[in-house]
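Please open the structure in your viewer and keep the selection tool at hand.

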Amino acid sequence: MKDWRYWLAEQRGTLLALGIFIVMFVIYTSNHPAGFTANVVQTAANKGVLLAFVAMAQTLVVITAGIDLSVGMIFTLTNCLASWLVIGTGIETAFGVLAVLGTGLLCGAINGAIVIYGRLQPIVATIATGAVYFGIALLLRPFPGGSVNEGLADALTGRLFGVVPASLVVLLAVVLIVWVPFSRSVLGRAAYAAGSSETAAYMSGVPIRRGKFAAYALAGLLAAVGGLFLTFFTYTGDAAYASGNAYTLFSIAAVVLGGVSLFGGKGSAIGAIFGALAFRTIGDLLFVFDFDPLWQPLFQGVILLIAVSLGAFALFRVRNRLEWFL
Amino acid sequence: MDGAIPLFRMEGISKRYGGVRALEKAELSVSSGSIHGILGENGAGKSTLIKVMAGVVAPDEGRMTLDGREVTFASPAAANQAGIVCIFQELSLVPELSVADNIVISDPPTRFGMIDRKAQRRIAEEALARAGAADIHPLALVKDLPLSRRQMVEIAKALARKPRILILDEATSALTATDVAKIFGVLKRLRSEGLALLYISHRMNEIAELADQCTVFRNGRNVASYAAGTKSDNEVVELMIGREYSHIFPPKPPRASAAAVPVLEARKLSWTDRLDNVSLTVGAGEVVGLGGLDGQGQRELLLAFFGVLRGLSGQIFIDGKPVAIASPAAAREDGIGMALIPEDRKTEGLMLPMTVRENLSFAALDRLSKAGIIDRAAEQRLIDDMVGLLAIKTAGLDIPVGALSGGNQQKVVIAKWLMRQPRIILLNDPTRGIDVGTKQELYQLMRKLADAGAAILFYSTDYDELIGCCDRVLVLYDGAVRRELVGAEITERALIASALNIHGEESPVNLGANA
């Protein structure tokens, strides 16, 4: 086989997610009363990148065959924190941003430490830490409020050259600064290897622990980028429990739609980004078709169910039934 | 040895797992530019020995020296660093990564902190070429390769680490004959380049062709070292056995003339590449053994009968009537009445945190309940019977089964199935890791059940057990039945010879090539 065919096979999940997204987006804009305009694209992009950041965060952990049920809560916590700190002069705002990102990184690092060194299952550990993160968020913002440096917020949620949504440019920058180096580093390779076969990775002398730790910590960082953006869109901080949980849940749907295997070792954050954009667009289709918004949660639930079911198809190929339970 | 300082030396290495002694003051010397063959039966300590060498397990005592300096390895990575690279029997490849990713996995080439894909590709291509497997594309995913190709990748991966000592543990067991020939070429070249190679294989002809020096292990000790070609196959088998009988077996009844219709019969069972046209019969009152080296399809054969494997071809007959067994639940139904005592009682036999009582009645719950409600009195009666019959030693029925000793746990697994009064009992190496006393009780029980009319199919890795317990033994090799031993034919020598797939007295290979 030629090299490009291997490349294609590797990118299949990502390309499929891209395809789903394009189809959904075309249906969406062609039925939107305003049509395909810079405004519609900007609004869609701003909603989409929030989930995209959280989905990227989820991808890093899922690659290690784990799952992070606290991403939505880190997202909420950093939103609340940003509504206190990202304000004032340029210097103050800059330190505020760093503090928010640092908090996200710390939350992720705590998750990683508990899972890797405490040897707890990721699902249990992150439910618990997620509850803690939410508790802190609630103390920071018992009621929705606060404010943000509006100049910065408007610049990052506006448009560049009148057409390109700035939020997409930031998303691209984060991909280039965080995801690309990680996925090509030794630690990233270790995270993939640990997710695919931890024993084989161990036997090969791969730095499994450091790789997994990096994945969890960076997941916290990415969720914080999402939290920061939420503040830029809403100008406030809000410790909303339901919203935090929804983001966790949707991040899993986005990851699966994006071709990332919940069994670990396979997939890319780029796929998850398209999965997130596609998931958001599907949800918004209801609006352009004039359905009652009450139906949206049910509709999204069904999509989530279908998305996670896709992962089960591999079981049909298993020939030794005992392997079902591994 | 010929006076040269050995490259690597192990002295007085011991290792215990719980009460089981895997290595007992073992010694080994390895020299540069030679191939050292390691021989021994299942459980002779070979695997533990190389795990110690490769830094996977730490020895309880003993010392290792490399170039005359004492070394200890805390991890496989540390052993690699020192130049000791092992190709394990269980593959150490990461399935979702590409061939090239896997080859450089221990030490990927980097540029500005990121993995240099071009350099990685180049290293992988070189290593594949050195292993004689240039046909494997470096970008292919390992999970898409067949087993024999994966093994070649494994060898390429080892070579990419530039080892001084290369250990191959049953490295050819998954390979085709062409690949084996290629690998032998590669290994001989590596020897001439000055590497020390340690070659563990059950295939005597391979050892004879490759090795310069051989060491035989038995019961965790090295019992003999000799220059290759100085001993005949038969002498080597003798060295591998040399063990006294340590178990007491119940007397076997005189062989009855074969019953008219066997209780269990298989015709031409095949499944993927693990089972190859297996046909066999087990009559009422008969104990039939499955012998051979570990991993030759015995486990799969038992799972096939028990309805676990999908895509099985061939036919299974119960009492002469063809049946299709779709699941373990179907296998235990009345018309079939089958029970499987699994190999790993901790995962497949018991729910460790649950109580002895609950574990005992799992398999028979349908019989003990009416309209979904369990009849506690009937359950208690049956459980009492079983605890008495098997003499299960437990502080109570309501303690977690995980708190019992290994032998008593195994009794619980067996009792659980006996509560259904099965007619066909499949046993998958049931005495592994249990004490001698309990073993003896199990042998008695097995014979008692057979006398009561059960048909028993018994896989064991312990040759003594097969000799002591079985009326007939089928020896499997490579998924196929290679030999049937009946009655007095079941001897250790015959079992080992047929397990190694060599035939009887004369050696087919011309030895003495390196005088």
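Angles between helix directions run from 0 to 180 degrees, and an angle over 145 degrees counts as roughly antiparallel. This convention is needed at the first stop. Please note also that the model is a predicted one.

**Stop 1: two helices of chain A**

Select residues 38–63 of chain A, which form helix α2, together with residues 208–234 of chain A, which form helix α10. How far apart are their axes, and at what angle do the helices pack? The axes of α2(A) and α10(A) are 8 Å apart, and the angle is about 170°. The two helices are therefore roughly antiparallel to each other.

Next, display the side chains where the helices meet. On the α2(A) side, the residues include A:Val49, A:Leu50, A:Phe53 and A:Val61. On the α10(A) side, they include A:Leu222, A:Val225, A:Phe229 and A:Phe233. By class, this contact has 19 nonpolar and three polar residues, and no charged ones.

**Stop 2: a covered helix of chain A**

Select residues 186–196 of chain A, helix α8. How many of its eleven residues are buried? The count is eleven of eleven, and the helix is mostly covered. Among the buried residues of α8(A) are A:Arg189, A:Ala190, A:Ala191, A:Tyr192 and A:Ala193.

Now move to A:Val206, in the loop between α9 (198–203) and α10 of chain A. A residue is buried if 20 or more other C-beta atoms lie within 10 Å of its own. A:Val206 has 27 C-beta neighbours inside 10 Å and so counts as buried. A:Val206 and A:Ala191 are 15 residues apart in sequence, while their C-alpha atoms are 9.3 Å apart in space. Leaving aside neighbours within four places in sequence, A:Val206 is in contact with A:Ala190, A:Ala193 and A:Ala201, and also with B:Ile105 and B:Ser106 of chain B.

**Stop 3: a buried tyrosine**

Select A:Tyr133, which is found in helix α5 (residues 122–140) of chain A. Is this residue buried or exposed? A:Tyr133 is buried, because 29 other C-beta atoms lie within 10 Å. Beyond its neighbours within four places in sequence, A:Tyr133 is in contact with A:Ser70, A:Met73, A:Ile74, A:Leu77 and A:Cys107.

**Stop 4: where the chains touch**

Colour the two chains separately. In total, 29 residues of chain B are in contact with 24 residues of chain A. On the chain B side, α2 (76–81) and β8 (114–115) each supply at least two residues. The element that gives the most is α2(B), with three residues. The chain B side divides into 17 nonpolar, nine polar and three charged residues.

**Stop 5: the domains of chain B and a hairpin**

Colour chain B by its domain assignment: domain 1 is 8–241, domain 2 is 260–337 + 422–503, and domain 3 is 347–421. The C-alpha centres of domains 1 and 2 of chain B lie 33 Å apart.

Then select residues 213–218 and 221–227 of chain B, the strands β11 and β12, which pair in the antiparallel sense over six bridges. B:Arg218 stands opposite B:Arg221 in β12(B). The strands form a hairpin with two residues between them, and B:Asn219 in the turn has a positive phi of about 50°.

**Stop 6: an open sheet of chain B**

Finally, select the six strands that form an open sheet in chain B, in the order β18-β21-β22-β15-β23-β24; their pairing is mixed. Strands β18 (338–341) and β24 (480–486) stand at the edges with a single partner strand each, so one side of each is left without a neighbour in the sheet. The twist averages 20° from one strand to the next.

Within this sheet, β21 (424–428) and β22 (455–459) of chain B pair in the parallel sense over five bridges. B:Leu427 stands opposite B:Phe458 in β22(B).

Which helix packs on the sheet? Helix α18 (residues 492–499) of chain B does, touching β15, β23 and β24, and its direction makes about 25° with that of β23(B). Within α18(B), the residues B:Leu495, B:Ile496, B:Ala497, B:Ser498 and B:Ala499 are buried. Their cover includes α8 (233–241) and α17 (463–469) of chain B. After α18(B) comes B:Asn501, whose phi is positive, near 60°.

Conventions
Residues are numbered from 1 along each chain as its sequence is written. Chains are lettered from A and ligands numbered from 1 in the order in which they are written. This is a predicted model: local features need pLDDT of at least 70, side-chain atom pairs count only at pLDDT 80 or more; totals for chains, interfaces and linings use all residues. Two residues are in contact if their C-beta atoms, placed from the backbone, lie within 7 Å. Helices (H or I, at least four residues) and strands (E, at least two) are DSSP runs, numbered from the N terminus. Ala, Val, Leu, Ile, Met, Phe, Trp, Tyr, Cys and Pro count as nonpolar, Asp, Glu, Lys and Arg as charged, and the others, Gly among them, as polar. Two strands pair if DSSP finds at least two bridges between them. A residue is buried if 20 or more other C-beta atoms lie within 10 Å of its own, exposed if 12 or fewer, and partly exposed in between; C-beta atoms are placed from the backbone. Angles under 35 degrees count as roughly parallel, over 145 as roughly antiparallel, 65 to 115 as roughly perpendicular and the rest as oblique. Domain bounds come from an automatic or database domain assignment.
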